[in-house]
Amino acid sequence: MGTVTLGVSIAVPEPYGSFLQRQREGFGDLAAPGIPTHITLLPPTEVRTEALPGIERHLSEVAAGCRPFPLRLEGTGTFRPLSPVVYVKVTEGVTGCTALQARIRTASGPCARELQFPYHPHVTVAHGTDEESMDRAQAGLRDFCATWTISGFALYEQGPDAVWRLEREYPFGPQTAAVPRQAVDLSRPPAPSC
């Protein structure tokens, strides 16, 4: 068999998602049309196709053990000069996103992997563009604000055309797994035993 490139993320809902995607395109980010607006939980990861059923079971189990939590995007930030990225900040829901990505990437699971940088939930609005465009992105969206309740996450696959396509959604709660588990409130810091 072969390999596929997967990613797991929280989709930014409408109307915010398409607004931020149009903004990203307007700032000259050439990859923007192929990347749905999102908060990354598992960055692009190459896996063998035969691992997909185990990955899907794992993601179902993670989602089954979670509860919805509030999220707020507000203002902008940048990873420059370390990385050519401007983003919209997650100002509420950071603890939930951090706990969720840790559960997805658990060392004992099929999505275990090291990150290049410490996890920092955000929504990219300019990546790899010239400095002037990144400055425009950072200034132009500094007053942006959006709130919603996260009720799940999704698995995406990157095609040969570099476009990310939705493969499956994973709503929070026991209906997503064969064996119901006690739901975890991700808006609170995890207990020390997690």
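1. Arg105 is buried (under 20% relative accessible area, where exposed means over 50% and partly exposed lies in between, with a 1.4 Å probe and protein chains only), yet Arg105 has no salt bridge. A salt bridge here is a side-chain nitrogen of Lys or Arg within 4 Å of a carboxyl oxygen of Asp or Glu. The nearest side chain of opposite charge is Glu114, 5.9 Å away. For charge, Lys and Arg count as positive and Asp and Glu as negative, while His and the chain ends are not counted.

2. The model is predicted: local features need pLDDT of at least 70, side-chain atom pairs count only at pLDDT 80 or more, and totals for chains, interfaces and linings use all residues. Residues are numbered from 1 along each chain as its sequence is written, and side-chain values use heavy atoms, with hydrogens and water left out.

3. Arg105 sits in the loop between helix H3 (94–104) and strand S6 (122–127). Leaving aside residues up to four places away in sequence, Arg105 touches Leu41, Leu42, Cys111, Ala112, Arg113, Glu114 and Leu115. Contact means heavy atoms within 4.5 Å.

4. On the overall layout, the protein chain has four helices and 10 strands. Helices (H or I, at least four residues) and strands (E, at least two) are DSSP runs, numbered from the N terminus. From that end the elements run β-α-β-α-β-β-β-α-β-α-β-β-β-β. Of the 194 residues in the protein chain, 44% are buried. Among contacts between residues at least 6 apart in sequence, 75% join residues at least 24 apart.

5. Strands pair if DSSP finds at least two bridges between them. S8 and S9 pair in the antiparallel sense over seven bridges, and Tyr156 stands opposite Leu166 in S9.

6. Another open sheet of four strands has the order S6-S5-S4-S7, also with antiparallel pairing. S6 and S7 stand at the edges, each with a single partner strand, so one side of each is left without a neighbour in the sheet. The twist averages 30 degrees from one strand to the next. S5 (residues 85–92) and S6 run antiparallel and are joined by five bridges; Tyr87 stands opposite Thr124 in S6. S4 (residues 69–78) and S7 pair in the antiparallel sense over six bridges, with Glu74 opposite Cys145 in S7. S6 is mostly covered, five of its six residues being buried.

7. Axes are lines fitted to C-alpha atoms, for helices over the stretch in contact, and angles run from 0 to 180 degrees between N-to-C directions.

8. The aromatic pairs come to seven. Rings of Phe, Tyr and Trp (its six-membered ring) pair if their centres lie within 6.5 Å; planes under 30 degrees apart count as stacked, over 60 as edge-to-face and the rest as tilted. Tyr16 and Phe144 form an edge-to-face pair, 6.3 Å centre to centre with 90 degrees between the planes. This pair links distant parts of the chain, 128 residues apart: Tyr16 is in helix H1 (residues 16–26), and Phe144 is in the loop between helix H4 (131–140) and strand S7 (145–150). Tyr16 is partly exposed, with a relative accessible area of 24%, whereas Phe144 is buried at 10%.

9. Phe153 and Tyr170 form a stacked pair, 5.5 Å centre to centre with 25 degrees between the planes. Phe153 lies in S8 (residues 152–158) and Tyr170 in S9 (residues 164–171), so the pair ties together parts that are 17 residues apart in sequence. Phe153 and Tyr170 are both buried. Elsewhere, ring pairs link Tyr16, Phe19, Phe144 and Trp148 into a cluster.
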